Amino acid sequence: MVNNPDEPAHPSGGLLAVRVLAMPADTNPQGDIFGGWLMSQVDIAGSILAVQRAQGRVATVAVHEFRFIKPVYVGDLVSCYAELEREGRTSVRVKVEVYSERERDPSSVKKVASASITYVAVDSESRPRVLPG
Ligand SMILES: CC(C)(COP(=O)(O)OP(=O)(O)OC[C@H]1O[C@@H](n2cnc3c(N)ncnc32)[C@H](O)[C@@H]1OP(=O)(O)O)[C@@H](O)C(=O)NCCC(=O)NCCS
């Protein structure tokens, strides 16, 4: 498969927050990997970095952009890289880039999705709290 030159075949940086194998149970009725499953992995990946920065609980408040660039297939190794994009008073915006690898072949790695998500640091009563530091 030829990659789009605009989409780097390897991640430029960020924390490898989630690495998971796409399983048959993650498919839609057509047998393709379900977009909602991928969105869930991306939200988990972004939240791991957000929790690290917030040093505690966070809540997802907004998904600004979610791009499905290429399909993901059963058996693909899916890696989600998370990077801090912006910090506010109580919130952080995290960029997540998703790469997939087929049949354990490193030359097959391609970018399959990207997203930008805002998380709010919350206290024990789920109210926004100021980011530490
Ligand atoms: C997250 C939550 C506590 C925030 O409460 P809120 O009253 O909206 O808080 P605020 O208006 O004070 O905003 C808090 C921060 O979020 C940011 N924010 C709120 N809505 C936003 C949006 N749509 N896009 C980007 N940032 C947003 C604000 O800019 C602010 O950031 P800052 O302090 O860094 O400037 C509340 O919206 C909530 O509980 N939402 C449900 C969260 C949830 O259940 N998520 C999982 C869904 S399954």
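S124 is exposed, with a relative accessible area of 67%. By exposed I mean over 50% relative accessible area, buried is under 20%, and partly exposed sits in between, with a 1.4 Å probe and protein chains only. The areas themselves come from Shrake-Rupley with that 1.4 Å probe, and for residues only the protein chains shown count as cover. S124 sits in the segment after β5. Its C-alpha is 9.6 Å from that of G56, although S124 and G56 are 68 residues apart in sequence.

Quick caveat before I go on. This is a predicted model, so local features need pLDDT of at least 70 and side-chain atom pairs count only at pLDDT 80 or more, while totals for chains, interfaces and linings use all residues. Residues are numbered from 1 along each chain as its sequence is written, and side-chain values use heavy atoms, with hydrogens and water left out.

Okay, the overall layout. The chain has one helix and five strands, and from the N terminus they run β-α-β-β-β-β. Those come from DSSP runs, numbered from the N terminus: H or I of at least four residues for helices, E of at least two for strands. The radius of gyration is 16 Å, close to the 14 Å that the globule rule gives for 133 residues, so the chain is as compact as a globular protein of that length. For that one, the radius is taken over C-alpha atoms, and the rule is 2.2 Å times the number of residues to the power 0.38. If you like boxes, the C-alpha atoms fill roughly 45 × 30 × 20 Å along the principal axes. Of the 133 residues, 41% are buried.

Now the ligand. Which residues are closest to the ligand? T60, G88, R89, T90 and S91, out of 14 residues that surround the ligand. The cut-off for being near a molecule is a heavy atom within 4 Å of it. By class that shell has six nonpolar, seven polar and one charged residues. The bookkeeping there: Ala, Val, Leu, Ile, Met, Phe, Trp, Tyr, Cys and Pro count as nonpolar, Asp, Glu, Lys and Arg as charged, and the others, Gly among them, as polar. β2 (58-68) and β5 (110-121) each supply at least two residues of the shell, and β2 gives the largest share, five residues.

One is 2.6 Å from an N or O atom in the side chain of T90. A polar side-chain atom of S91 lies 2.7 Å from a ligand oxygen. Taken alone, the ligand exposes 960 Å², and the protein buries 41% of that.

On to the charges. How many salt bridges does a search of the whole structure find? Seven, where a salt bridge is a side-chain nitrogen of Lys or Arg within 4 Å of a carboxyl oxygen of Asp or Glu. Take R53 and E87, whose side chains meet at 2.9 Å, N to O. That pair links distant parts of the chain: R53 is in helix α1 (residues 35-54), E87 is in strand β3 (residues 77-87), and they are 34 residues apart. R53 counts as buried at 18% relative accessibility, whereas E87 is partly exposed at 43%.

Then there's R93 with E85, closest N and O atoms 3.3 Å apart. R93 is partly exposed at 22%, and E85 is partly exposed too, at 40%. R127 pairs with E125 at 3.0 Å; R127 is partly exposed at 46%, while E125 is exposed at 55%. And K95, E97 and K111 are linked in a network of salt bridges.

E85 comes back when we look at the serines. Its side chain also has a polar contact of 2.7 Å with the side chain of S116. A polar contact here is a pair of N or O atoms within 3.5 Å; within protein, one must be able to donate a hydrogen and the other to accept it, and residues adjacent in sequence count only if both atoms are side-chain atoms. S116 is in strand β5 and, at 6% relative accessibility, counts as buried.

Last one: is S79 buried or exposed? Buried, with a relative accessible area of 4%. S79 sits in strand β3, and its side chain makes a polar contact of 2.9 Å with the side chain of R19.
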